[in-house]
Amino acid sequence: MSPTSESAAAGNNSIRGRERENAHIIQQSNKCYEHRELQATAMSVDYTGQWVLLAGRRHLALQRLGQDDGTLREFQRNSKYEVSAAEFATLPNRQEYCAIATSEHIDVVTWGAADMQHYHSLRGHTRMVTDIDWHSKNSNLLVSCSIDTFSHIWDLRDPRKPTLSLSAVCMSGATQVGFNRVSGHLLAAAHDGDLRIWDMRKGSCPVHYITAHLNRVHGINWSHLRETCLATASQDGTVKYFDVNNPRRAEKIITMSSPVWRARYTPIGNGLVSIVVPAMGRGENSLLLWSNNKQTDPVCSFVGHTDVILDFEWRPNRENTSEIELVTWSRDRSLRVWKIDDMMLKLCEPDFDSNEVCDTPDSFADTPTKFQPIHSSSLYQPTLSLTRAGAASLPSESSDSLTIPTLSRSPPPPMRKEETHIARSLTDQPTCSLHHEFSLLNRNMPHVEVDLLDAIKRFAVFKISAGGHVVVLQTVFPTEYPSPNIGPEFSFCEGTTLHEQLSAVLLKTLRTNALQRVKKSRTCVEQCLRALVGAMKKSVGGVTDKSQLRLQSPRLEGALSGALHDACIPYPRTSGVNFNTTGLLVTFAQAPNAKRLTLRHQNTTPRTFSAISGGVLLGNVFNTHRDSNASFYLQDRMSAKHTKNRSMQKQTNATPIVHIYEACKLLNISCEMAKEFSLDKRNLRATCRRNRQVCETYGRYDLVPIWTLAELIAKPNIPNETKYETLFYKDPFKKFLLEALIMHFASAGDLQTAVMLACLFHKCSSTAGDLGDLMLTTTQCYQHTNKLQQLNNTSPYHTVLPIDYHASHPKSNSALAVNVHLKQLRSNSWSDSLDWVDTKNCNSDSYSCSLIRRTKMPLFDHFKKVYADILFGWQLLTKRSLILKHTMFSQSQPHGVEFVTECTGCNKIKRTPSCTSCKRPVLFCQLCNLPVKGAANACLACGHGGHMVHMMQWFKKHSICASGCGCNCLKQTAALLALMN
Amino acid sequence: MVSLINTVDTGHEDMIHNAVLDYYGLHLATCSSDGSVKVFDVKNGNQILIADLKGHQGPVWQVAWAHPKFGNLLASCSYDRKVIVWKEGAANEWTKFYEYNNHDSSVNSVAFAPAEYGLILACGSSDGSISILTCNIEYGVWDSKKISNAHTIGCNAISWCSSTVPEPAFDQRSSTRNTAVKRLASAGCDNCVKIWREDADRWVEENRLEGHSDWVRDVAWAPSIGLARSQIASASQDRHVIIWNSTDFTTWSSTILHTFDDVVWSVSWSMTGNILAVTGGDNKVTLWKENNENQWMCINDDAAATNAQTNEQRTL
């Protein structure tokens with residue numbers, strides 16, 4: 001298709017309004033190509049500047065520029081999806097390559113003589129690809145970004161997977177991405193209003209975060225000259241210049257009346273071109289050229305398009321680099337080409353004479369000569385020398401393009417100052433601005449509810465609840481608003497819960513804030529509301545609801561936050577496995593069909609919750625009301641398809657089944673065997689034989705030889721030797737064999753066998769006997785002590801009863817020197833029958849004759865403790881205490897009351913029945929006045945006591961103390977014990 | 001080797017995400033995306049629902065039982081940013097014992113500390129922090145400590161080091177003192193497993209285990225029977241399970257257990273720490289055991305297949 005009539009005027013650059021009163025340039029297009037049938041959504045200009053690709057759902061079309069024939073090559077394509085991005089390679093060695101993104105795939109195609117050739121298909125994204133950019137230095141690299149929050153860098157030499165995946169851990173998908181043009185290492189990706197700057201050499205996390213805009217960023221463009229500079233265009237109606245090294249603050253801001261769709265630096269010169277999307281779809285669809293030094297007014301506007309401009313690109317002119325053209329594609333389905341000439345570029349240069357330059361931080365007002373390099377705007381100041389050096393090293397033609405304007409540069413035209421007028425009318429149209437302000441108003445401000453917005457009647461009502469107060473704020477906007485000194489009128493309506501004083505303060509806050517904004521003809525509603533919320537919070541003395549604040553931290557604001565947040569929540573487990581402390585295994589798994597439903601577009605399980613919770617942009621799952629019957633994950637997708645939903649539900653309802661397995665065999669541990677195993681030490685060999693039988697019965701044939709071996713270990717070396725002590729003591733081979741066996745079973749995971757062996761050979765003093773044995777021999781004694789045992793109310797499972805009485809009655813001790821010592825009940829019973837005084841001494845003896853070395857004891861005690869815990873889980877409490885009897889150290893410190901007595905010879909406090917240094921007994925019975933060696937008992941209140949048998953006899957008939965102190969011993973002791981418990 | 005002893009139809013309205021037996025193996029707790037936690041009596045093959053706990057407003061990710069010496073306590077964590085501790089007062093009467101609301105994002109993991117330390121609960125959240133909640137049992141008062149920014153992006157799992165772990169140079173005299181050193185392992189979206197040690201009132205990062213190339217989904221500290229070695233298993237989105245070994249808590253060596261077909265997200269050790277159960281995105285359960293040559297062997301390859309089949313048959 002050939003250029004239309006408009007292009008007839010191509011040569012004369014159309015009307016150029018450069019009259020004195022209208023210094024602002026209005027430029028019309030040089031060429032126009034109409035393509036009514038093309039529904040292209042993406043456009044790209046190739047390296048040579050000869051071809052323009054127009055890509056749409058049904059067609060790919062190549063339009064030839066430059067030659068007047070205007071050849072159009074069309075390629076049919078049939079896809080369900082629109083082309084979301086298309087980019088020609090930017091380097092000559094791949095100049096015929098083009099990347100076209102459709103849905104989540106990217107196709108790399110080349111344009112042959114006859115047909116399009118499909119070259120690669122890059123698959124890796126899981127959601128729609130939103131932007132593509134080729135590397136400016138390495139022709140093999142390109143980057144793509146997607147709604148799935150990832151930015152993938154692809155190397156065409158290995159197109160199967162991305163060479164680098166940049167995972168923006170964030171709640172919103174990436175909308176724009178761009179390689180740095182100077183270094184090639186940096187790249188920027190836009191996520192909602194934020195920018196992430198990555199360094200390809202360090203792909204794990206972004207090098208910078210920039211909170212750039214309040215609203216979505218539509219365009220990112222790196223500077224052609226300065227490595228760290230970029231410009232962003234945003235929905236919030238601003239273009240911001242950033243230096244990534246200073247991410248806190250934008251260097252410069254251009255404010256426009258409508259959302260800005262794209263902003264791109266001019267490839268040469270010092271300008272920037274922006275596209276706005278007019279509010280409500282009406283208004284001028286203009287392209288504006290700005291000087292990077294002057295943010296108040298545009299240098300030039302390009303008019304002609306009748307609908308929204310979808311995209312624009314620079315058409316490189318390979319013959320003459322000083323001349324650039326702009327190619328635009330609009331929804332009015334016309335492709336236009338605009339020439340940007342020297343004059344316009346010159347206007348973009350810093351204006352030394354103008355007063356406005358003084359506003360910029362590094363002004364050139366003091367520079368002595370006008371022959372400054374053209375790039376030495378305030379923006380480029382820091383890299384001045386670098387730019388110059390770079391320019392010098394460039395090929396001659398490009399350096400020409402840089403230097404010629406400088407030399408031929410005349411003093412800036414004087415009419416610049418009057419441009420302001422026009423610009424105002426373009427950017428700050430008072431009639432639509434209120435409309436526009438309302439449309440841009442953030443309706444999700446914390447604490448603020450927007451009740452009513454009426455742009456025609458020019459008033460608005462907000463409800464603000466913060467700091468314990470509720471304010472209903474009515475705002476009326478005068479027709480002149482927002483011109484200087486005319487701000488909106490604020491008033492509090494019915495429903496406001498404020499006292500007079502506070503409301504006066506708040507109103508004042510509102511007015512001052514409004515005036516500050518309107519002074520510069522800026523809109524003020526949002527700022528005022530925020531200020532009001534702040535003031536209300538402050539009014540309660542800074543005591544703010546912490547949790548409230550935390551939930552509404554700026555990152556989490558907005559309706560999308562809930563769903564966006566899911567990007568960092570792991571994908572829910574659909575199966576699980578869990579061992580329990582007693583050897584049971586719990587497993588569950590959802591039915592495969594329920595899973596597939598959520599994963600239909602993927603081969604592997606996704607990592608984040610956002611993959612199923614309705615996606616990043618579909619809305620906030622968490623807040624949406626949900627049907628109690630519908631699955632949490634099905635609601636979004638299936639709500640439209642009710643019939644299908646029902647059938648799905650049935651399946652998902654049937655799935656949550658949990659299986660419980662008995663895994664004891666696997667763990668070499670058995671509850672039944674634990675019940676049967678014996679630790680009878682009266683005849684070790686018989687016990688070993690019995691345990692071997694247990695193993696046979698329960699099918700543990702692997703353990704049969706072990707118990708046979710154990711029997712051999714237990715067998716005395718000399719047949720007639722009956723005393724085990726000497727036997728074990730003299731046989732180091734057995735010692736090490738046994739230890740090796742225990743360690744082997746412990747490390748192999750057969751804890752039960754290890755512990756049984758360790759316990760059986762723990763202490764081998766034949767005198768100690770078995771617990772059952774002991775019970776028989778000391779029955780009488782136990783009968784006596786039964787009463788007390790009940791009193792003590794201690795667990796029968798503890799080997800050491802916690803009733804050691806610590807000195808608590810100094811009075812009775814000193815007064816009557818009642819030499820009472822009460823040891824643990826158990827050892828008392830033992831000492832009665834076996835005449836032991838000190839168990840500890842005995843213990844040390846038995847260790848020396850044990851088969852297990854003392855150094856290993858603590859480790860084996862650990863084994864026993866773990867095994868005891870398992871027995872506890874099986875509720876085999878007697879077995880557990882039997883095992884714990886074989887430990888050397890009790891884990892819990894005994895605590896309770898202990899009687900101490902004072903030796904009459906040395907006056908030292910003794911806990912033993914006799915003083916070892918004075919060799920005299922310290923415990924005397926109150927009744928027979930003889931020293932007590934065996935069981936003793938004493939009154940807890942008065943401290944008098946004596947032989948247990950004597951005490952029992954006495955208290956059968958009497959209730960008061962035998963010493964005659966008048967103490968009612970039985971009652972007092974009972975009361976004290978009750979107190980203790 | 002393993003025998004099925006019970007099958008419980010939980011009756012949840014949506015996917016379940018965790019199922020745990022209590023200490024004695026008598027009660028089963030399950031949690032689901034329908035926002036509820038259910039407790040079943042599974043003693044002797046029973047399947048009686050004894051409690052349906054509703055208190056969360058989002059999917060419940062994980063449940064954990066406390067040691068029975070503290071009573072019947074159950075902790076649950078949810079997408080709704082809450083951690084709830086439930087208590088059985090009278091028989092089968094469950095009430096909310098404590099609710100913790102101090103996370104900014106989904107809480108993904110809860111774990112009770114070994115009972116020897118007292119009643120302590122650790123929670124890992126997607127806001128990147130780990131909370132350690134200590135209960136004063138006498139007064140029923142909870143105290144919370146927070147490791148903020150433990151994992152950038154988020155913490156996915158928590159596991160405590162068992163209290164019986166011996167000291168490197170095994171010395172009985174010092175071990176009573178040293179068992180008080182609390183340690184826990186956490187797994188996060190920063191592809192790391194981190195080991196935290198309590199150091200006089202503060203939690204410090206003692207070690208960082210880097211070996212995964214994607215989010216780490218689960219971590220499990222092997223129960224110690226007293227041998228002088230510590231073992232940690234971690235499962236990741238990168239389809240690897242890594243076994244970390246150490247004898248002194250300072251140097252950790254890693255062994256890749258296996259590369260699975262799909263992502264792995266759950267690992268659990270048997271009580272003696274010698275068998276590891278693994279499951280992931282493919283919903284298959286595999287059991288692993290280290291043989292004498294220190295190689296990890298799958299011990300239920302065919303069993304897994306039959307299990308999966310029977311599962312499918314049951315569910316279809």
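# Briefing on chains A and B

Leaving aside its neighbours within four places in sequence, B:Cys123 is in contact with B:Cys77, B:Val83, B:Tyr100, B:Val107, B:Ser109, B:Val110, B:Ile130, B:Ser131 and B:Leu133. The model described here is a predicted one, and B:Cys123 is named, together with A:Leu53, A:Ala758 and A:Phe863, among the residues with the most contacts inside the largest nonpolar core.

**Nonpolar cores**

- The largest nonpolar core has 256 residues, and the largest share of this core, 9 residues, is supplied by helix H24 of chain A, which spans residues 857-873.
- Apart from this core lies another one of 21 residues, which includes A:Val471, A:Tyr481, A:Cys528 and A:Leu529.

**Chain B as a whole**

- Chain B comprises 2 helices and 25 strands, and 54% of its 316 residues count as buried.
- When contacts in chain B between residues at least 6 apart in sequence are considered, 46% of them join residues at least 24 apart.
- Over residues 209-245 of chain B, the chain is 0% helix and 57% strand, with 11 Å between the end C-alpha atoms.
- Over residues 257-289 of chain B, the corresponding values are 0% helix and 61% strand, and the end C-alpha atoms are 10 Å apart.

**A four-stranded sheet in chain B**

- Strands of chain B form an open sheet of 4 strands in the order E22-E23-E24-E25, with antiparallel pairing.
- E22 and strand E25 (296-298) of chain B stand at the edges and have a single partner strand each, so one side of each is left without a neighbour in the sheet.
- Neighbouring strands of this sheet are turned against each other by 30 degrees on average, with direction ignored.
- Strand E24 of chain B (residues 285-290) pairs with E25(B) in the antiparallel sense over 3 bridges, and B:Lys289 stands opposite B:Met297 in E25(B).

**Contact between chains A and B**

- The contact takes 73 residues from chain B and 64 residues from chain A.
- On the side of chain B that touches chain A, the elements giving two or more residues include strands E1 (3-9), E2 (16-21) and E3 (27-32) as well as helices H1 (172-178) and H2 (301-315) of chain B.
- The largest share of this side of chain B, 7 residues, comes from E1(B).
- By class, the side of chain B that touches chain A has 29 nonpolar, 34 polar and 10 charged residues.
- Strand pairing also links the two chains, in that 6 bridges join strand E36 of chain A (residues 657-662) to E1(B) in an antiparallel arrangement, with B:Thr7 in E1(B) as the bridge partner of A:His659.

**A hairpin in chain A**

- Strand E34 of chain A (residues 575-579) has 5 of its 5 residues buried, so this strand is largely enclosed by the rest of the structure.
- A:Ser575, A:Val577 and A:Phe579 point one way from E34(A), whereas A:Gly576 and A:Asn578 point the other way, and all are buried.
- E34(A) is joined by 5 bridges to strand E35 of chain A (residues 584-589), and the two run antiparallel; within this pairing, the bridge partner of A:Asn578 is A:Val586 in E35(A).
- E34(A) and E35(A) form a hairpin with 4 residues between them, and A:Gly583 in the turn has a positive phi of about 90 degrees.

Note on methods
Residues are numbered from 1 along each chain as its sequence is written. Chains are lettered from A and ligands numbered from 1 in the order in which they are written. This is a predicted model: local features need pLDDT of at least 70, side-chain atom pairs count only at pLDDT 80 or more; totals for chains, interfaces and linings use all residues. A residue is buried if 20 or more other C-beta atoms lie within 10 Å of its own, exposed if 12 or fewer, and partly exposed in between; C-beta atoms are placed from the backbone. Two strands pair if DSSP finds at least two bridges between them. A nonpolar core is a set of buried Ala, Val, Leu, Ile, Met, Phe, Trp, Tyr and Cys residues joined through C-beta atoms within 7 Å. Two residues are in contact if their C-beta atoms, placed from the backbone, lie within 7 Å. Ala, Val, Leu, Ile, Met, Phe, Trp, Tyr, Cys and Pro count as nonpolar, Asp, Glu, Lys and Arg as charged, and the others, Gly among them, as polar. Axes are lines fitted to C-alpha atoms, for helices over the stretch in contact, and angles run from 0 to 180 degrees between N-to-C directions.
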